[in-house]
Amino acid sequence: MTPEQISQVQESWKAVEGISETAADLFYNKLFEMDPSLSPLFQGDIKEQGAKLMKMIGVAVNGLSRLETIVPAVQQLGVRHAGYGVKDEHYDTVAGALLWTLGQGLGEAFTDDLKQAWTEAYTILATTMKEAAATTPA
């Protein structure tokens, strides 16, 4: 990612944080609409899960300018997700739901350039998670 893309993602995330509960609801509704088979992977209170999701995204977004500091945590997250039954193809569905949610939350501010920057950020993080999951014994 370029420094400009990192800045774009970080600045746009500030706007999403202001509507984090709504954004989480939008995300999970879209995710389960796109792939209903994912619903059983989420046990417990979905509102609580949404709050955790928003916090995790915030940590990742804020760490984009110093990736080396968040890579170990992202790798651990990938291993945990594999243990929950998350498969590589699920990451594409999550990407679609996330980008759709950002588009809903940011409206016209979600330009093609910003969408590309978010796609780059997500790809880096998802790839790190998938690689960690693949190299960890079951």
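Tutor: Start with the rule for axes: they are lines fitted to C-alpha atoms, for helices over the stretch in contact, and angles run from 0 to 180 degrees between N-to-C directions. Keep in mind that this is a predicted model. The axes of helix 1 (residues 3–17) and helix 6 (residues 112–134) come within 9 Å. They cross at roughly 100°.

Student: Which residues make the contact?

Tutor: Contact means heavy atoms within 4.5 Å. Helix 1 contributes Gln5, Gln8, Val9, Ser12 and Trp13. From helix 6 come Asp113, Leu114, Gln116, Ala117, Trp118, Glu120 and Ala121. By class, the contact has six nonpolar, four polar and two charged residues.

Student: How do you know what the chain is built from?

Tutor: Count the DSSP runs: the chain has six helices and zero strands. Along the sequence the pattern reads α-α-α-α-α-α.

Student: What makes the radius of gyration agree with a compact globule?

Tutor: For 138 residues, the globule rule gives a radius near 14 Å. The chain has 14 Å, so the two agree. As for extent, the C-alpha trace spans about 40 × 30 × 20 Å along its principal axes.

Student: Now the empty space. How is it found?

Tutor: A probe the size of a water molecule is rolled over the atoms, and this shows where empty space is left.

Student: What is the volume of the largest pocket, and what lines the pocket?

Tutor: The largest pocket holds about 880 Å³ of space. Its lining has 34 residues, and the closest to the centre are Leu53, Met56, Leu77, His81 and Met129. Two or more lining residues come from each of helix 2 (20–34), helix 3 (46–62), helix 4 (67–84), helix 5 (88–106) and helix 6. Helix 3 gives the most, with nine residues. The lining divides into 27 nonpolar, four polar and three charged residues.

Student: And the second largest pocket: which helices supply its lining?

Tutor: Helix 3 and helix 4 each supply at least two residues. Helix 4 gives the most, with six. The volume is about 170 Å³. Met56, Val59, Ala60, Ile70, Ala73, Val74, Gln76, Leu77 and Arg80 form the lining. By class, seven are nonpolar, one is polar and one is charged.

Student: What makes a space a cavity and not a pocket?

Tutor: In a cavity the 1.4 Å probe fits but cannot get out, whereas a pocket is an open set. The structure holds one cavity of 30 Å³ or more. About 40 Å³ of space lies in the largest cavity.

Student: Which residues line the largest cavity?

Tutor: Trp13, Val16, Ala23, Phe27, Leu53, Met54, Ile57, Leu98, Thr101 and Leu102. Helix 1, helix 2, helix 3 and helix 5 each supply at least two of the lining residues.

Student: How many of the cavity's lining residues are charged?

Tutor: None: the lining of the largest cavity divides into nine nonpolar, one polar and no charged residues.

Technical notes. Residues numbered from 1 in each chain as written. Predicted model: local features only at pLDDT ≥ 70, side-chain atom pairs only at ≥ 80, totals over all residues. Heavy atoms only, no water. Helix = DSSP H or I, 4+ residues; strand = E, 2+ residues; numbered from the N terminus. Nonpolar A, V, L, I, M, F, W, Y, C, P; charged D, E, K, R; others polar. 1 Å grid on protein atoms, 1.4 Å probe; cavity = no way out; pocket = protein on both sides within 12 Å on 5 of 7 lines; lining within 4 Å. Points joined across faces, edges and corners; volume = space filled by probe spheres on them. Rg over C-alpha atoms; globule rule 2.2 N^0.38 Å.
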